[in-house]
Amino acid sequence: MSQRVRAIAVSCLFLLAVSTVVMGVVRKKRKPSDTRVHLVHADKLYYNMRENPLAQILVGNVQFSHEGTLMYCDSALYYEASNSFDAYGHVRMVQGDTLTLTGEVLYYDGMDQLAKVRENVVLRHRGTTLYTDSLDYDRLYSLGYFFDGGRLVDQQSQLTSDWGEYSPQTREAIFNYNVVLVNPLPPARAKSTLVTDTLHYNTGTGVAVALGPSNIDHGQNHIYTEHGVYNTRTDHSYVLDRSILQNGYKHVVGDSVTWDGKEKICRAYGNAIYTDTLNRNKFSGNYIMYNDSLGYAEAADSAMVMDYSQGDTLYAHADSFFLHTIYANTDSMYRMLFAYPRVRAFRKDIQAVCDSLVYNGRDSLAVMYKDPIVWQGNQQLLGEKIMVWHNDSTVDSAHVVNQALSVERLDSVHYNQVSSNEMYAYFRDGDINMTEANRNVYVVYYPYDDDSLMIGMNYVESSLMRMWLKERKVSRIWMPAATGTMYPLSQAPADRRFLNNFAWFDYIRPKDPQDIFNYRGKKAGTELKETVRHAAPRQTLQGVKDKLKEN
């Protein structure tokens with residue numbers, strides 16, 4: 001899609017540039033006309049040999065004809081020898097039934113087929129009107145150009161500039177210096193305004209091509225580009241070369257950007273970045289789309305989300321991100337973010353991986369699905385599903401559902417381990433403060449003495465365990481009832497050193513912001529298999545009758 005847009009825009013610009021060069025070259029190689037300017041009518045004709053011996057003086061309803069073009073005026077000086085005339089008062093030139101040129105003064109050279117019209121000049125052609133005070137019209141190449149300021153109006157737009165050209169044959173206009181395009185026409189309220197110094201505009205298609213620094217305003221949306229195409233009929237913009245679209249606190253930049261002004265849809269391709277300065281986050285990827293009307297956005301192809309609302313930036317990667325705004329433009333508005341598959345996240349103090357993630361802004365809840373793992377320092381937490389609640393963008397608490405496993409790495413061979421059906425973790429100032437394990441709790445724990453020396457290994461089984469941490473180290477453990485054994489370190493059985501479901505997935509863990517793009521899956525056989533929950537058998541009426549008979 002991006003290549004198609006880029007190809008169309010570049011082709012248009014290339015053809016326009018070529019046509020401009022050709023026009024400039026052709027004007028230097030004019031072929032004089034052999035046909036004569038004919039005087040069709042004048043109420044009076046006389047000579048003034050003393051003041052102007054070369055001119056015939058014509059007064060009243062003067063009409064000339066030259067190669068199918070009719071020219072009218074109130075009075076004129078006709079130079080028959082040079083095949084030219086000067087016309088004054090209510091000047092009008094008519095070419096076929098498509099072009100009319102009016103003004104107060106006309107200098108016409110029949111040899112070069114060049115008309116110079118001055119004062120209150122108006123050129124009308126197929127629904128297009130050009131207003132200026134000085135216009136030179138080249139009949140040989142069907143080209144009019146002004147140099148003292150002009151205004152062009154078609155069915156839907158108005159353009160003004162200091163200098164410009166218009167070709168009735170191609171319906172192509174070129175404007176330079178202080179160019180302003182307004183759509184729709186005044187006095188209607190402008191929906192779009194384009195300001196630039198160089199603009200190519202086709203009155204047949206309504207397509208404008210801006211070259212050089214340009215600003216396009218669509219209501220609250222603003223586009224800055226140095227190479228772009230704007231369709232005034234469809235209100236579509238196609239901009240290239242790292243153009244920027246801004247909507248309030250939202251910014252989009254990309255190698256190429258498209259904007260649908262009617263549907264309020266933006267698409268960016270190639271190294272695209274979507275920035276939300278209000279919520280202090282970014283989307284990036286080779287494809288980004290957002291719908292301003294619905295508050296919807298998506299990113300794909302090397303997609304990444306950056307959240308810098310806190311001191312450290314959180315980087316997250318997935319194949320695709322989808323952002324939905326619920327109850328947009330109401331007091332109940334909130335957002336939901338979906339990321340999948342192969343989610344990887346990195347922040348200096350915490351890292352995570354999972355297959356898919358859903359974040360609900362209403363509850364500040366992030367849910368990680370399918371083999372989720374979270375690391376903080378030397379601690380690892382995993383399960384079938386991990387739910388994380390946030391408070392002001394910092395982690396408040398977490399809930400691990402099914403096959404929960406918490407591991408703390410002490411050194412290369414010793415790990416504190418807790419497994420259970422489910423687990424809760426509570427945070428304070430971004431660090432884990434307390435954890436709680438429920439149902440089928442198994443613990444491998446290495447206690448230390450007051451001199452920070454490891455004194456043994458404790459293996460425990462219980463139905464519930466609460467563990468408090470201080471400075472990311474275990475400070476206290478509580479269990480209502482438990483069975484277990486405390487082994488001296490040298491006598492700890494090898495088969496008790498690790499729980500049955502122990503795993504240390506440090507090889508998967510993202511190492512830095514760039515490493516989130518390097519997907520590494522679990523080794524074969526270490527993936528979690530979701531717990532199958534069998535439905536309770538339904539009691540039938542016949543089964544009840546059979547039980548009654550037995551009794």
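A residue counts as buried when its relative accessible area is under 20%. In this predicted model, Ser167 has a relative accessible area of 2%, so Ser167 is buried. Ser167 belongs to strand E12, which covers residues 163-167. The side chain of Ser167 makes a polar contact with the side chain of Thr170, at 3.2 Å.

Ser309 is found in a loop. Strand E22 (304-307) lies on one side of this loop and strand E23 (314-317) on the other. The relative accessibility of Ser309 is 24%. Ser309 and Asn281 are 28 residues apart along the chain. Their C-alpha atoms are separated by 6.9 Å.

Glu436 sits in strand E35, which spans residues 431-445. Its relative accessibility is 13%. Because this value is under 20%, Glu436 counts as buried. Two polar contacts involve the side chain of Glu436. One joins Glu436 to the side chain of Asn438, at 3.3 Å. Another joins Glu436 to the side chain of Arg466, at 2.8 Å. Neighbours within four places in sequence can be set aside. Glu436 is then in contact with Glu422, Met423 and Tyr424, and also with Leu464, Met465 and Arg466.

Strand E37, residues 473-478, gives the most to the lining, with 3 residues. By class, the lining of this pocket holds 6 charged, 5 nonpolar and 3 polar residues.

Cysteines were also examined. The structure holds 0 disulfides. Cys266 has a relative accessibility of 0%, so this residue counts as buried. Cys354 has a relative accessible area of 6% and is likewise buried, since the value is under the 20% limit.

Terms used: Residues numbered from 1 in each chain as written. Predicted model: local features only at pLDDT ≥ 70, side-chain atom pairs only at ≥ 80, totals over all residues. Heavy atoms only, no water. Helix = DSSP H or I, 4+ residues; strand = E, 2+ residues; numbered from the N terminus. Buried < 20%, exposed > 50% of the residue type's maximum accessible area, 1.4 Å probe, protein only. Polar contact = N/O pair within 3.5 Å; in protein donor to acceptor, adjacent residues only side chain to side chain. Nonpolar A, V, L, I, M, F, W, Y, C, P; charged D, E, K, R; others polar. Contact = heavy atoms within 4.5 Å. Disulfide = S-S within 2.5 Å.
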